[in-house]
Amino acid sequence: MLGVLSFVLPLALWSAVSYAPFLWHPLVEITDPGDVAYYSKGMRAPADAFAEEVEGMTASGQAPPQGIPANPVYLPAPHEVALALWAAATPAADAREEFRLSSSLWHSIQIIFWAFLISSAIGVPLGILCGSYSAIGRLTEPFVEFFRYLPAPAFGALCVAVLGIYDGPKIAIVVIGTFFQQVLIIAGTTRRADYALLEAAQTLGARNLRLVRNVVVPAVLPDLYNDQRILLGWAWTYLIVAELVGTSSGITFFITQQARYQHFENVYAAIFILGIVGFGSDLLLARLGRWLFPWRRTTA
Amino acid sequence: MSASPDEVRARFDRLKAREPILQVRGLCKTVPAKDGERTILNDVNFTTHRREFLCVVGPSGCGKSTLIRTIAGLEEASGGEILVAGQPVHGPGPDRAMVFQGYTLFPWLTVLGNVMFGLRMADKPKEEAAREARQWLDLVGLEPYADAYPHTLSGGMKQRVAIARALAIQPRILLMDEPFSALDARTRARMQAYLVDIWRKIDVTIVFITHDLDEAVLLADRILVLKTGPGEVVDLMEVPALRPAAGRTLDDPALRATLERLEGFIHAHETVVDDEPVTPVVRLASVAEEVD
């Protein structure tokens, strides 16, 4: 119940600022320019400048401009964003592909999917080995620890030089941003495996790799799963960074393009969709986790 | 129910004539401490024979857990040796299985999967392992719960699964580290009866750690008494009764006397602890209260 309210409250605040004219509204949107030469319909002028013009025009007997209080163009009202979201969900057939929100988003999702898959395919097994065998951990982790402080975007130019200008460098940056954290986090989680279970397994004859495969991994699997959920969230952040590296596709390109044309309702729509996709997939994964690991009652 | 002294003596003569299964010789265990080393176990010697039920008692800190963990191979001895059926112990092995106080069932496996675990580690084919595991579950009366997950079971049932899991690898020795101490009194009594019943049916030697002296007297053939600081053997008492059985009660005057002697041993060594200055503990306790 409070969870719902935590979403309703910000929305109510946003609506109040957008729809109640006495709240904020520092600008005036011109509905009729009157005789003011540089005003045009739809233009937004500062409220005090507008008042001066009205006064000046009235004094000189010319037609005063008319307008309604408005917020800056970068704060669209909820219904405008909702319309933009609706338009994104039902794209016009004639729109250019990269200007459609849905296809931009789909492109980004594909990148994150491949990047996360590549990172996990190496990072998860390596992390488990680091956590299980102290020798491997001591051999690997100092370097990983160092590399993790090298910011992934700094490799942007290098990635473009090596991998070209298409999706390669974007995937590479997300992988670089995710992989090194992943190894350390997975190794740390693996080390927290219940030692009593490992001892019990040893008295039952489990050794070495079989101990890792049959006991260590299943024992920490619910925690590894939660780690992966958190890492996926980070991967999204790195995706936005990666997409700023010389590209003409993906959700970030959509956002920058729409901002350039001052279509802020589309910008907000895109940001909301990012939030919805991220939050939604996390909720879905949490639900899936409860189903996958029924013995773990707190997989929240 | 009380057995005559002659009967008891004859019984222990027969027991000691059986082949020795576990021989502990001059066992020492030291751990690094701030000022050099601390001795946990010092020159521990004893022998248990085939199908014997040995209880180990002693005040807390006497090293009984260390002793059983060293026998299990989970800890390295600092000196002396442990022989199981004549073979020296190096690390855990299938001739010894352990039941822990905290159940330690694998939560991701079903009851059947848990009991199969040791068999699978011994490379038994899946079908054969499942068939054997079901028989062991049947022995502890949990066959109907084969497909349940451990978190759905009560404490007593979990410990029965743990016993089945340990017995399934057919060890020579079943090591039990305070297995029933987490259970309520009624369940504990039932589990003691179960255990004796199972033990009578199969060829296994039990080494059973407990801090509950009643439990030791009710279950054991012989009781190994340890003292603290450092852990040393005080006595290896013979319980003056016939084979441990569900029917044993402390109403038996001979068992009553044994229990009193045991209590004498334990308390004689506990007074040493009582003489130590207690002020720091009191102060810490009052600090803890303030924090709360």
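Buried area is the accessible area, taken with a 1.4 Å probe, that two parts lose on being put together, summed over both. The exercises below concern a predicted model.

**Exercise 1.** State how much area chain A and chain B bury between them, and identify the residues of chain A that lose the most area to chain B.

*Solution.* Step 1: between them, chain A and chain B bury about 1900 Å². Carbon and sulfur atoms account for 69% of this area. Step 2: on the side of chain A, the greatest losses to chain B fall on Thr203(A), Leu204(A) and Trp295(A). Together these residues supply 37% of what that side buries. Step 3: as for the residues in contact, chain A contributes 19 and chain B contributes 21.

**Exercise 2.** Determine how many salt bridges the rule finds across the interface of chain A and chain B, and describe the pairing of Arg69(B) with Glu199(A).

*Solution.* Step 1: the rule finds two salt bridges across this interface. Step 2: the side chains of Arg69(B) and Glu199(A) form a salt bridge, with an N to O distance of 2.6 Å.

**Exercise 3.** Classify the packing of helix α3 of chain B against helix α5 of chain B.

*Solution.* Step 1: α3(B), residues 111-121, and α5(B), residues 155-168, have axes 7 Å apart and pack at an angle of about 25°. Step 2: angles under 35 degrees count as roughly parallel, and α3(B) is therefore roughly parallel to α5(B). Step 3: the crossing is right-handed. Step 4: α3(B) makes the contact through Val111(B), Asn114(B), Val115(B) and Leu119(B), and α5(B) through Val161(B), Ala164(B), Arg165(B) and Ala168(B). Step 5: these residues comprise six nonpolar, one polar and one charged.

Definitions and conventions:
Residues are numbered from 1 along each chain as its sequence is written. Chains are lettered from A and ligands numbered from 1 in the order in which they are written. This is a predicted model: local features need pLDDT of at least 70, side-chain atom pairs count only at pLDDT 80 or more; totals for chains, interfaces and linings use all residues. Side-chain values use heavy atoms; hydrogens and water are left out. Axes are lines fitted to C-alpha atoms, for helices over the stretch in contact, and angles run from 0 to 180 degrees between N-to-C directions. Helices (H or I, at least four residues) and strands (E, at least two) are DSSP runs, numbered from the N terminus. Angles under 35 degrees count as roughly parallel, over 145 as roughly antiparallel, 65 to 115 as roughly perpendicular and the rest as oblique. A crossing is left-handed if the near helix is turned anticlockwise from the far one by less than a right angle, and right-handed if clockwise. Contact means heavy atoms within 4.5 Å. Ala, Val, Leu, Ile, Met, Phe, Trp, Tyr, Cys and Pro count as nonpolar, Asp, Glu, Lys and Arg as charged, and the others, Gly among them, as polar. A salt bridge is a side-chain nitrogen of Lys or Arg within 4 Å of a carboxyl oxygen of Asp or Glu.
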